[in-house]
Amino acid sequence: MVNVAVIGGGAAGIGAAWELTRAGCRVTVFERQAHLGGSCLAAKVGLGNGKSIFVDVGLSEFNRATFVNLGALFAELGLKSRPINEDISFMRPDGSAVWCTNAGQMRFYTRLGDERRFKDEVARFRNECTEVLEDATFRDFTLARYLDARGYTQEFREFYLYPRAQGTLAMPDQSPQSYGAAALVAVWQAQGIVGPAAADRHVLEAGMHSYGSAFAAWLRQRGGEALLQAEVTGIARGQGGVRVRFMDAAGRDQTCGFDHVVLAVCSHQVVPLLDDASEEEKQTFEGFLWRRVRVVVHQDAHLMPDNRQGWAAYNYVMRNGAGPEARPTISFTSPRSRQT
């Protein structure tokens, strides 16, 4: 039996381990955190009545229409899902509510110059923007250039597109005007935010964080292993296979041999793990863009619209007119408690 090490227990590592195990390999997953699932993790939050809930901190949903393999994995793990609440809200940094959706219907708290046109542009962008993925004309267009070419108003940009684009974790830490139009649209199409096809956005009933422990149990039942709090410190490649050095949960240095290794870690973590990284490998992995995102579990109403009726599942903070640029900020509300 082929013996394979998978370094990293996030979505990429779990996906690789799942396919390799089903192909007949014996897989060992190394994860330095105390859980599998990567950015699908949870925090225990007290509700003030002696009870508590677990709230997804990172990724909290998936689009079944595009993430077909992920849906198949959840089905094999016996995990059930349900549709999410897709309502959104937009507020200024001072807390004043601008507009929101309730059951998909727009409700305005600040008068816009042309509300009808604004509504039409939100709908038009959803259905029209996927052309940047199909027409080579738009291949190198920035988001601002594309909006100019299609005649979108400044209100549409400031009161919807730019703050929502900045809340997209996959995008770089820069002004949304300079985002590649195709890059943003590709992410949103996969998530089900744009595109003519109906989205099928779901969340696991037990929370997205629940699939990590479910997969670890599945893997062990099939002869594999999930080593948690096991930090890999080096990888040596040789003709006889691969040697993986790591520090186990007890802080002891360990070394294991494998036939193959799959690196399912962030791009900037690859080269430091390799004992003999080539120049080509260094240039390749150092060329990937990445950024850190600060995530805070909070119950601070000041980070939500001042009008409670304007609270939604996804709450975006906009810049305040000509004032200082607000850092990209979005608060997700818990569907169970409606508290942040």
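Close-up 1. Arginine 243 has glycine 257 of E14 as its bridge partner. Strand E13 (residues 241-247) runs antiparallel to E14, and six bridges join the two; strands here are DSSP runs of E with at least two residues, numbered from the N terminus. This is a predicted model, so local features need pLDDT of at least 70 and side-chain atom pairs count only at pLDDT 80 or more, while totals for chains, interfaces and linings use all residues. Residues are numbered from 1 along each chain as its sequence is written, and side-chain values use heavy atoms, with hydrogens and water left out.

**Close-up 2**

Close-up 3. Another open sheet goes E11-E2-E1-E15, with parallel pairing. Its edge strands, E11 (225-228) and E15 (260-263), each pair on one side only. From one strand to the next, the twist averages 20° (axes are lines fitted to C-alpha atoms, for helices over the stretch in contact, and angles run from 0 to 180 degrees between N-to-C directions). Helix H8 (residues 210-221) packs on this sheet and touches E2 and E11, its direction making about 135° with that of E11; contact means heavy atoms within 4.5 Å, and helices are DSSP runs of H or I with at least four residues. Four bridges join strand E2 (residues 26-31) to E11, and phenylalanine 30 stands opposite leucine 227 in E11.

**Close-up 4. Where H3 meets H6.** Helix H3 (residues 115-128) packs against helix H6 (residues 154-166) at about 60°, with axes 10 Å apart. That makes H3 oblique to H6; angles under 35 degrees count as roughly parallel, over 145 as roughly antiparallel, 65 to 115 as roughly perpendicular and the rest as oblique. On the H3 side, the contact uses Phe118, Glu121, Val122 and Phe125; H6 brings Glu155, Phe156, Phe159, Tyr160 and Leu161.

Close-up 5. The whole structure has 21 aromatic pairs (rings of Phe, Tyr and Trp, the last by its six-membered ring, with centres within 6.5 Å; planes under 30 degrees apart are stacked, over 60 edge-to-face, the rest tilted). Phenylalanine 125 and tryptophan 188 have ring centres 6.4 Å apart and planes at 85°, so they are edge-to-face. Because phenylalanine 125 is in H3 and tryptophan 188 in helix H7 (residues 181-191), the pair ties together parts 63 residues apart in sequence.

Conventions:
Pairing = 2+ DSSP bridges.
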